[in-house]
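Reader: I am new to reading protein models. Could you take me through this one, a question at a time?

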Amino acid sequence: QPGDVRVGLRSRGRTLGDRDPSVGTALLFAGWCRSRLGEPEAGARDVSEGLALRRQTFGDRHWAVAAARSMLGDVLSHVAGRDDDALRELRLGYDGLRATLDPGNARVRQAGIRLRNYYQARGRPAEARRVADSLGA
């Protein structure tokens with residue numbers, strides 16, 4: 001169930017609220033793991049929820065939101081029928097990170113690699129090469 005990770009965020013009668021950035025991060029990584037373990041639809045729900053929390057906390061132009069978009073795109077790329085959504089989120093994530101962080105930042109590179117891998121997996125070598133070139137690879 002989306003949000004199950006919150007159960008693990010309780011400690012001694014206290015719970016982290018949705019405004020705590022750690023909750024969004026936990027949802028992002030829980031969803032990514034669920035996707036990798038064969039539950040891409042459930043993973044996409046968790047990552048979407050994590051993205052929504054980051055947007056509420058940081059606003060749309062923050063690097064943490066762009067990183068979450070990249071992760072959502074990666075997860076959606078494994079959900080049947082969601083290729084258009086996946087590509088949109090991968091592009092928004094990569095472009096957002098490039099606009100807010102240093103080009104050599106690991107998060108920028110990671111988002112670029114995700115986008116490049118998306119293009120490669122779909123037989124789009126020209127687009128994959130453009131992304132790789134933008135990474136200096």
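**Helix contacts and a pocket**

Author: Asp83, Ala86, Leu87, Leu90, Arg91, Tyr94, Leu97 and Arg98 of H4 are in contact with Arg107, Val108, Ala111, Gly112, Arg114, Leu115, Tyr118 and Tyr119 of H5. By class, the residues of this contact are 10 nonpolar, one polar and five charged. The model is a predicted one.

Reader: Are H4 and H5 roughly parallel or roughly antiparallel?

Author: The axes of H4, residues 83-100, and H5 cross at roughly 150° and come within 9 Å. Angles over 145 degrees count as roughly antiparallel. H4 and H5 are therefore roughly antiparallel.

Reader: At what angle do H2 and H3 pack?

Author: Two packed helices are described by the angle between their axes and the distance between the axes. For H2 (residues 40-58) and H3 (residues 63-76), the axes are 9 Å apart and the angle is about 170°. That makes H2 and H3 roughly antiparallel. The angle asked for is about 170°.

Reader: How many residues of the contact of H2 with H3 are nonpolar?

Author: On the H2 side the contact includes Val47, Leu51 and Phe58, and on the H3 side it includes Val65, Met71 and Leu72. Two residues of the contact are polar and three are charged. The nonpolar count is 13.

Reader: Is the crossing of H1 and H2 left-handed or right-handed?

Author: The axes of H1 and H2 cross at roughly 160° and come within 7 Å, so the two helices are roughly antiparallel. The handedness of the crossing is left-handed.

Reader: How many charged residues does the contact of H1 with H2 have?

Author: H1 brings residues including Leu28, Trp32 and Arg34 to this contact, and H2 brings Asp46, Glu49 and Arg54 among them. By class, 12 residues are nonpolar and seven are polar. The charged residues number four.

Reader: Which helix gives the most to the lining of the largest pocket?

Author: The largest pocket holds about 270 Å³ of space. H1 (21-36), H3 and H5 (106-121) each supply at least two residues of its lining. With five residues, the helix that gives the most is H3.

Reader: Which residues lie nearest the centre of the largest pocket?

Author: The lining of the largest pocket has 15 residues. By class, nine are nonpolar, one is polar and five are charged. Those nearest the centre are Phe29, Ala67, Met71, Gln110 and Arg114.

Technical notes: Residues numbered from 1 in each chain as written. Predicted model: local features only at pLDDT ≥ 70, side-chain atom pairs only at ≥ 80, totals over all residues. Heavy atoms only, no water. Axes fitted to C-alpha atoms, helices over the stretch in contact; angles between N-to-C directions. Helix = DSSP H or I, 4+ residues; strand = E, 2+ residues; numbered from the N terminus. Parallel < 35°, antiparallel > 145°, perpendicular 65-115°, else oblique. Contact = heavy atoms within 4.5 Å. Nonpolar A, V, L, I, M, F, W, Y, C, P; charged D, E, K, R; others polar. 1 Å grid on protein atoms, 1.4 Å probe; cavity = no way out; pocket = protein on both sides within 12 Å on 5 of 7 lines; lining within 4 Å. Points joined across faces, edges and corners; volume = space filled by probe spheres on them. Left-handed = near helix turned anticlockwise from the far one by under 90°.
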